[in-house]
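Here are my notes for you on this one. Have the sequence and the 3D view open while you read, and go point by point.

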Amino acid sequence: MSNGDRVVIIIIIIIIIIIIKQMRKCFKVAVVSRDSSKLEKLKGFVSPSTKCNLTTLVGNVGSEEGVEEVKQALLKSVGKITDVVSSLGFSWWQGGPPHSQPLKELHWVIETLLFSTFVSWKAFFPLVRDDPNCTYTFITGGAGEKLLMPGTGFLTVGAASALAFCQVLREEYPEVPCKLNQVKINTGVAAPDRMAPGYLNHLDLGEAMATLIERRNTSHTVFPVSCPADLKTVILEGSL
């Protein structure tokens with residue numbers, strides 16, 4: 001299967017450059033977001049020569065009804081889906097110390113980080129699971145293993161739930177033909193003009209993600225990315 005035959009579904013915009021890099025590799029890319037303004041912003045990053053390879057769709061992949069609508073619309077629009085990148089969540093900041101927050105806030109965090117990941121996986125995984133040429137990649141973070149700073153405790157709880165869910169899938173489906181992987185980003189990601197020590201350049205992260213999906217030579221693997229050198233290993237050596 002050539003790159004031109006591949007259709008990559010990006011569930012929620014989080015790293016725009018991933019999409020652009022994949023489009024430059026002649027992938028057809030479909031992006032789903034609840035926020036139409038983010039989709040419009042995305043279109044502004046795409047060159048006229050590759051816009052024909054981009055499909056955008058406003059939809060809610062956090063509910064069973066919404067994700068089914070999204071799936072049917074995508075299949076009608078782009079046909080066969082070959083790769084899925086799941087990157088669901090919200091800004092790293094989260095509302096304050098636990099004693100100051102209501103149960104409703106904790107429920108919202110779990111719903112956003114865990115329930116949405118589960119619902120979208122349940123809908124899209126069957127489309128790729130039985131094909132060894134297909135991939136399903138989760139993008140997660142290190143917040144589930146450490147408190148980023150005081151006031152972000154609920155984020156840690158939700159992120160830990162997402163990490164546990166990814167572990168469950170690797171062990172529940174050990175023989176699945178689809179390439180099932182997880183990229184766990186343990187540091188900040190920023191554009192070149194907002195870089196800080198130890199942060200990842202989003203251009204390099206996009207290049208590494210596109211390379212991982214294109215090669216399709218690993219499965220049931222967690223790729224921990226803690227520094228820029230880790231990304232270079234992905235690009236140059238194909239492994240971490």
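1. First, a word you'll need: two residues are in contact when heavy atoms of theirs come within 4.5 Å. Leaving aside neighbours within four places in sequence, threonine 152 is in contact with Trp92, Trp93, Gln94 and Leu147.

2. Before going further, some ground rules. You're looking at a predicted model, where local features need pLDDT of at least 70 and side-chain atom pairs count only at pLDDT 80 or more, while totals for chains, interfaces and linings use all residues. Residues are numbered from 1 along each chain as its sequence is written, and side-chain values use heavy atoms, with hydrogens and water left out.

3. Back to threonine 152, which sits in the loop between β5 and α5 (153-172). Helices (H or I, at least four residues) and strands (E, at least two) are DSSP runs, numbered from the N terminus. Is threonine 152 buried or exposed? Buried means under 20% relative accessible area, exposed means over 50%, and partly exposed is in between (1.4 Å probe, protein chains only). Threonine 152 has a relative accessible area of 0%, so it is buried. A polar atom of its side chain lies 2.7 Å from the backbone oxygen of methionine 149; a polar contact is a pair of N or O atoms within 3.5 Å, and within protein one must be able to donate a hydrogen and the other to accept it, with residues adjacent in sequence counting only if both atoms are side-chain atoms. Also check glycine 96: its C-alpha is 6.2 Å from that of threonine 152, though the two are 56 residues apart in sequence.

4. Together with Trp92, Trp93 and Leu148, Met149 makes a nonpolar patch of about 410 Å². Patches are made of residues with over 30% relative accessible area and no salt bridge, where like charges are joined within 9 Å and nonpolar side chains (Val, Leu, Ile, Met, Phe, Trp, Tyr) within 5 Å. The areas come from the Shrake-Rupley method with a 1.4 Å probe, and for residues only the protein chains shown count as cover. Tryptophan 93 is in the loop between β4 (83-86) and α4 (103-128), and its 43% relative accessibility makes it partly exposed.

5. Now the charges. Side chains of opposite charge can pair when their charged atoms come close. A salt bridge here is a side-chain nitrogen of Lys or Arg within 4 Å of a carboxyl oxygen of Asp or Glu, and the count comes to five. One joins glutamate 40 and lysine 43 at 3.2 Å, N to O. These two are about one helical turn apart because they are three residues apart in helix α2 (residues 36-45).

6. Which salt bridge links distant parts of the chain? Lysine 80 pairs with aspartate 131, with the closest N and O atoms 3.6 Å apart. Lysine 80 is in the loop between α3 and β4, aspartate 131 in the loop between α4 and β5 (135-141), 51 residues apart. Lysine 80 is partly exposed at 46%, whereas aspartate 131 is buried at 19%.

7. Finally, look inside. A nonpolar core is a set of buried Ala, Val, Leu, Ile, Met, Phe, Trp, Tyr and Cys residues joined through side-chain atoms within 4.5 Å. The largest has 26 residues, and Trp121 and Phe138 are among those with the most contacts inside it. Its largest share, eight residues, comes from α4. Another core, of 20 residues, lies apart from it and includes Val31 and Phe223.
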